[in-house]
Amino acid sequence: MAEILIIEDEKSISDLMKLNLELVGHQCVQAYDAPEALYHYQGKHFDLILLDVMLPGKSGFELIDYFKGTAVIYVTAKEEIADRIRGLNSGAEDYIVKPFEMIELIARVNIVLRRFQKAREEFTYKDVTINFEQRKVKKNGELVNLRPKEFELLEILITNRNIALSRDRLLELVWNYECESDTRTVDVHIQKLRKKLGWTEEIQTVYKLGYRLEVEL
Amino acid sequence: MKLINKIYLATLLLFLCILSFCFLMFANSVYKKNVEDARENAIQSQRWMLKDIKEEFDALKERQILTDELAYSVMDSFSHIYNKKNIFFGLIKEETLLYYSFPYQDILKEQKKDSEGIVSYISYYGKQCYLVVSDNTERIADQYQLLYAERLISLEELLQTLMLQTISISLAGTLMLGIVLFILLKRLLNPLERLTKATNFIADGSYDEAVPVSGNDEITILSRKFNLMTQEIKNKVDDLAAEAEKKQIFIDNLAHELKTPLTAIQGYAQYLLLAKPAADKKNTALEYMVSESNRLAGLSKNLGMLTQIRAGEFEKKKIPFEELFRSICLELKFMTDEKKITITEDIKLDYLYGDAILFHSLLRNVTENAIRACEEDGKVSLTAYQRKEQAIIEIRDNGIGMEEEELSYLTEPFYRVDKVRSRSNGGCGLGLALCNDILKVYEGNMECQSQKGKGTAITLSFYNLFTTF
């Protein structure tokens, strides 16, 4: 969905972020130090930059000035309040502290992208097209009638595609833990979605883990 | 009540008592002397009076008209004259008092017999003081005994004066002492008070106040020592603060070093669990998990060793050096094979004496660093020999080298020169810090020389002698 530049000197973490972001459809380029980062930045347009504060040589706080005009999220192990504030004051959109969960990273990336209108308005997979702006879903060109919660559930599945989401997680994200709901609500809504979209295979039940919308990369 | 106040009051009281006592003693002797003088005079005077009276009486006796009534009136006329001079008489006939002109009769009470027959004593009547002389031997007209009493006015005045003087001088003296002592004590105690105030500063944590030092007495010495002590405390506190900061930095770095591998392991595990990755991505994830776990294991092992060294538990063994080095080269074979690095050795050192594990760690860390620094086809050379009681081990490499400034940070815990490379190779930055600690155990040290782009040479030297086993 978006072009993301990952600036992180730890190869293991850099690869981890790339794998996760590619899962949900983003394209990633990796840089391991300041010169490499600037080189890539000048050669291509990016929608978002993930920047590590502790880089060899230049600190992330200094580098951000070179990326004016592009959304930047700091990713770092330094969690002190002072550093967070400094980070946000220096113009970053967000500040993520290691260790973080995959879903958290993806969610924050998406939020920032949405802020900059870089989130896709439309998503198409196989014979289904979803327009997030208009909140309309079409299957084979025909409008599909989805209830509000069904639509929101679908949106969450697409945003976190290829990642197994537990029922509790889905409850939290879609229903905000409203009192009356319990996990069976999730099951029911998933069934409805599958039926209405014809996505019985696509929306996989993952044993012990939850549900996963599988979209080929 | 404060100690100094107690002492002050006690001193004043004591002074008052002593002064009063001395004065009383003095007054007493003066008084006694005066009494003796008065006694002498009175006896003298009595003799004259007696003679005069005797003449009168004898004259009457000769005319054979002497009667008691006549005797009475004769005495009376004498008394009229001499009473004004404070001299009084009494006449005794056959144990009875026939006549007396003293103001009170009890004057006779204190009569005592004296060896010479002349009895003289002092009698007090209120504030009045009389000297009484009674002569048993000389009789007037063979039948009367004369009693003579003189009022000692001057003695009375003396007594009063002495009393007054004693009291006033004692009080005045004590008062003066009080004032002078007070001023003196105040001046002496002033430095002590300043000293006490200074301790308040120290208690609050400010070590920069110095107590002014003046004069040359005990308090001066105390002040000087106090200032020295303050300085010492300040130094110690600064040292402790520096130590604590170092420890904090160590812990911060440690936390950071832990976070990264943990993030990776956690992240990849989650990824494998929640996503449905293809085989190659799966392998990548698993490989990372393995390598990061190894990293944590290495970190843990190094930390354990650092703790062990600090606790001071090491053994003493005889370790064949060449064997040790060969086995380390074998352990690192995978690294040297990968980059096609050659290791040459020039060993003139037979044995190492100490803890096998520590030496293994020491040698391996230094060798590993050398290998890591090298690029493809790099060369690492080891030279080892004994110089007097020290072992000298030198490791050279022709790798990437370091800048001057980086050399000083080399042995700081968690410091890495080339972060990207060494981390991917599994280093955690504790290697040289550990080596430094190990060397310290054997009273040794490490010297580094390096040129960026050319290579590095590290020289280890330490005490290596067969002592008592």
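Colleague: Which side chain meets that of A:R115 in a salt bridge?

Modeller: Bear in mind that this is a predicted model: local features need pLDDT of at least 70, side-chain atom pairs count only at pLDDT 80 or more, totals for chains, interfaces and linings use all residues, and side-chain values use heavy atoms, with hydrogens and water left out. Residues are numbered from 1 along each chain as its sequence is written, while chains are lettered from A and ligands numbered from 1 in the order in which they are written. A salt bridge is a side-chain nitrogen of Lys or Arg within 4 Å of a carboxyl oxygen of Asp or Glu. At 2.6 Å, N to O, the partner of A:R115 is A:E93.

Colleague: How many residues apart in sequence are the parts that this pair ties together?

Modeller: Helices (H or I, at least four residues) and strands (E, at least two) are DSSP runs, numbered from the N terminus. A:R115 lies in helix 5 (residues 102-115) of chain A, and A:E93 in the loop between helix 4 (81-89) and strand 5 (94-97) of chain A, so the parts tied together lie apart by 22 residues.

Colleague: Is A:K11 buried or partly exposed?

Modeller: Buried means under 20% relative accessible area, exposed over 50%, and partly exposed in between (1.4 Å probe, protein chains only). A:K11 forms a salt bridge with A:D15 at 3.3 Å, N to O, and A:D15 counts as buried at 12%. A:K11 has a relative accessible area of 44%, so the word for A:K11 is partly exposed.

Colleague: Which residue of chain B does A:E10 meet in a salt bridge?

Modeller: The side chains meet at 3.4 Å, N to O, in a bridge between A:E10 and B:R295. This pair crosses between chains, from the loop between strand 1 and helix 1 (11-23) of chain A to helix 5 (residues 279-311) of chain B.

Colleague: How many residues of strand 3 of chain A are buried?

Modeller: A:L48, A:L50 and A:D52 point one way and A:I49 and A:L51 the other, and all are buried. Strand 3 (residues 48-52) of chain A is largely enclosed by the rest of the structure, because the buried count is 5 of the 5 residues.

Colleague: Over how many bridges do strand 3 and strand 4 of chain A pair?

Modeller: Two strands pair if DSSP finds at least two bridges between them. Strand 1 (residues 3-7) of chain A pairs with strand 3 of chain A in the parallel sense over 4 bridges. Strand 4 (residues 71-76) of chain A also pairs with strand 3 in the parallel sense, with A:D52 opposite A:V75. The number for strands 3 and 4 is 5 bridges.

Colleague: What is the omega of the cis peptide bond between A:K98 and A:P99?

Modeller: Most peptide bonds are trans. A:P99 lies in the loop between strand 5 and helix 5 of chain A, and the cis bond joining A:K98 to A:P99 has an omega of about -5°.

Colleague: What is the phi of A:N140?

Modeller: Most residues other than glycine have a negative phi. A:N140 sits in the loop between strand 8 (136-139) and strand 9 (142-144) of chain A, and counts as exposed at 58% relative accessibility. Its phi is positive, although A:N140 is not a glycine, at about 55°.
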